[in-house]
Amino acid sequence: MARIASVLLALAGAAALVLSAFQPWYEGREPREVELTDLFTGLGPETASGTGSSMLVLLAGAAAVAVLGLLLRSRAVLAAACLAGLATGVLWTVQQIRAVAPVAFEVTDVQRGLWNAGGGVLALMIAALVLPPRT
């Protein structure tokens, strides 16, 4: 039973991470519009030159690692996918707060994309915890 729950949670978490890349996170801006380098240097008003250099790569990569973790039945790989999704969300949040000034950032302005990413990370974390060991 724990194996089935783990599989369903991990697949739901991976799907939520990928789905979040196609939804707005804050003030209508989607992760596909954010350059990977902006996560480390600061968010700018410009959009990404393509999806291959956007946050979509990190979110889809975390989802792919989660599926790999399911195939390998590895808690460590699922945890790595969870950390990759969490790191992406945290880096984006920090840069977004820096871009709008800490006083102007409102949690109520956060849109469904970031909430979906957070839910996906939580689902991956629970999946890694309930995944039974290999026998």
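Predicted model: local features only at pLDDT ≥ 70, side-chain atom pairs only at ≥ 80, totals over all residues.

Entry 2, a second ring pair. Searching the whole structure, I found two aromatic pairs. The other one joins Tyr-26 and Trp-92, whose ring centres are 6.5 Å apart and whose planes meet at 65°; because an angle over 60 degrees counts as edge-to-face, I put this pair under that heading. Tyr-26 lies in the loop between helix 1 and helix 2 and Trp-92 in helix 4, so here the parts tied together are 66 residues apart in sequence. Tyr-26 is buried, as Trp-92 is. I noted that the ring pairs link Trp-25, Tyr-26 and Trp-92 into a cluster.

Which residues does Trp-25 touch, if I leave aside its neighbours within four places in sequence? I listed its contacts, which include Ser-20, Pro-31, Met-55, Leu-59, Gly-89, Trp-92, Val-110, Leu-114 and Ala-117.

I looked up the largest nonpolar core, which has 29 residues, and the ones with the most contacts inside it are Leu-17, Trp-25, Leu-78, Trp-92 and Leu-124. Helix 1, helix 3, helix 4 and helix 5 are the elements that each give two or more residues to this core, and the largest share, seven residues, comes from helix 3.

I checked the length of helix 1 (residues 2-20): at 1.5 Å a residue, its 19 residues should span 27 Å, and since the end C-alpha atoms are 26 Å apart, the two values agree. Its buried residues are Ser-6, Ala-10, Gly-13, Ala-14, Ala-16, Leu-17 and Ser-20. Seen down the axis of helix 1, these buried residues fall within an arc of 160°, so they line one face of the helix. I reminded myself that an α-helix has 3.6 residues a turn, so residues three or four places apart point the same way. The buried residues of helix 1 pack against helix 3 (55-72), helix 4 (75-100) and helix 5 (112-130), whereas on the other side of helix 1, Ile-4 and Leu-8 are exposed.

Key. Residues numbered from 1 in each chain as written. Heavy atoms only, no water. Helix = DSSP H or I, 4+ residues; strand = E, 2+ residues; numbered from the N terminus. Expected span 1.5 Å × (residues − 1). Buried < 20%, exposed > 50% of the residue type's maximum accessible area, 1.4 Å probe, protein only. Arc of directions from axis to C-beta. Contact = heavy atoms within 4.5 Å. Phe/Tyr/Trp six-rings, centres within 6.5 Å; stacked < 30°, edge-to-face > 60°. Core = buried A, V, L, I, M, F, W, Y, C linked by side-chain atoms within 4.5 Å.
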